[in-house]
Amino acid sequence: MVAVFAAIVLVARRLRLFALLRKGFANPAANLGRALRGLCVALAIIAIFIALEILMGAAGHARIAHAARLLPKYALSAVVIAILEEGFFRAFLFG
């Protein structure tokens with residue numbers, strides 16, 4: 001991923017990368033409903049997996065507490081990754 005990123009940055013001007021990104025992110029509110037639905041589905045699936053883990057006895061209280069402490073860090077990472085992927089696929093590849 002680092003090599004691909006470096007290659008894209010090196011030829012960004014010839015690819016018109018910034019113009020494509022501006023166009024791809026020009027109207028972010030247009031798909032806000034879909035984004036929120038996707039987030040809700042992802043959270044529901046995570047909750048199901050956690051419930052299954054608890055029901056099967058694989059998760060102790062200490063493990064659940066540790067996972068809860070790490071949740072904000074992972075949630076922030078997930079949002080940043082989603083924005084980067086959206087920029088790459090929607091604005092760059094489909095542009």
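A surface patch, as the word is used here, is made of residues that have over 30% relative accessible area and no salt bridge, with nonpolar side chains joined within 5 Å. The structure described below is a predicted model.

**The nonpolar patch**

In this model, L32, L36, L39, L43, I46, I50, I54 and I64 form a nonpolar patch on the surface, and together they have about 710 Å² of accessible area. Helix α4, which covers residues 32–55, provides the largest share of this patch, with 7 residues.

| Pocket | Volume | Lining residues | Largest share of the lining |
|---|---|---|---|
| Second largest pocket | about 560 Å³ | 19 residues | α5, 8 residues |

In the largest pocket, at least two lining residues come from each of the helices α3 (17–24), α4 and α5 (61–93). By kind, the lining of the largest pocket divides into 25 nonpolar, 4 polar and 6 charged residues.

For the second largest pocket, the lining residues that lie nearest the centre are F5, I8, L84, E85 and F88. Two or more residues of its lining are given by each of α1 (2–10), α3 and α5. The lining of the second largest pocket consists of 17 nonpolar residues, 1 polar residue and 1 charged residue.

**A residue of helix α3**

Helix α3, which gives residues to the lining of the largest pocket and to that of the second largest pocket, contains L21. How is L21 classed at 25% relative accessibility, and which limits decide this? Since buried means under 20% relative accessible area and exposed means over 50%, L21 counts as partly exposed at its 25%. Along the chain, L21 and G87 are 66 residues apart, yet in the model their C-alpha atoms are separated by 6.4 Å.

Methods: Residues are numbered from 1 along each chain as its sequence is written. This is a predicted model: local features need pLDDT of at least 70, side-chain atom pairs count only at pLDDT 80 or more; totals for chains, interfaces and linings use all residues. Side-chain values use heavy atoms; hydrogens and water are left out. Patches are made of residues with over 30% relative accessible area and no salt bridge: like charges are joined within 9 Å, nonpolar side chains (Val, Leu, Ile, Met, Phe, Trp, Tyr) within 5 Å. Accessible areas come from the Shrake-Rupley method with a 1.4 Å probe; for residues, only the protein chains shown count as cover. A salt bridge is a side-chain nitrogen of Lys or Arg within 4 Å of a carboxyl oxygen of Asp or Glu. Helices (H or I, at least four residues) and strands (E, at least two) are DSSP runs, numbered from the N terminus. Ala, Val, Leu, Ile, Met, Phe, Trp, Tyr, Cys and Pro count as nonpolar, Asp, Glu, Lys and Arg as charged, and the others, Gly among them, as polar. On a 1 Å grid over the protein atoms alone, a cavity is a set of points where a 1.4 Å probe fits but cannot get out, and a pocket is an open set with protein on both sides within 12 Å along at least five of seven lines; lining residues have an atom within 4 Å of a point. Grid points are joined across faces, edges and corners, and a volume is the space filled by probe spheres set on the points. Buried means under 20% relative accessible area, exposed over 50%, partly exposed in between (1.4 Å probe, protein chains only).
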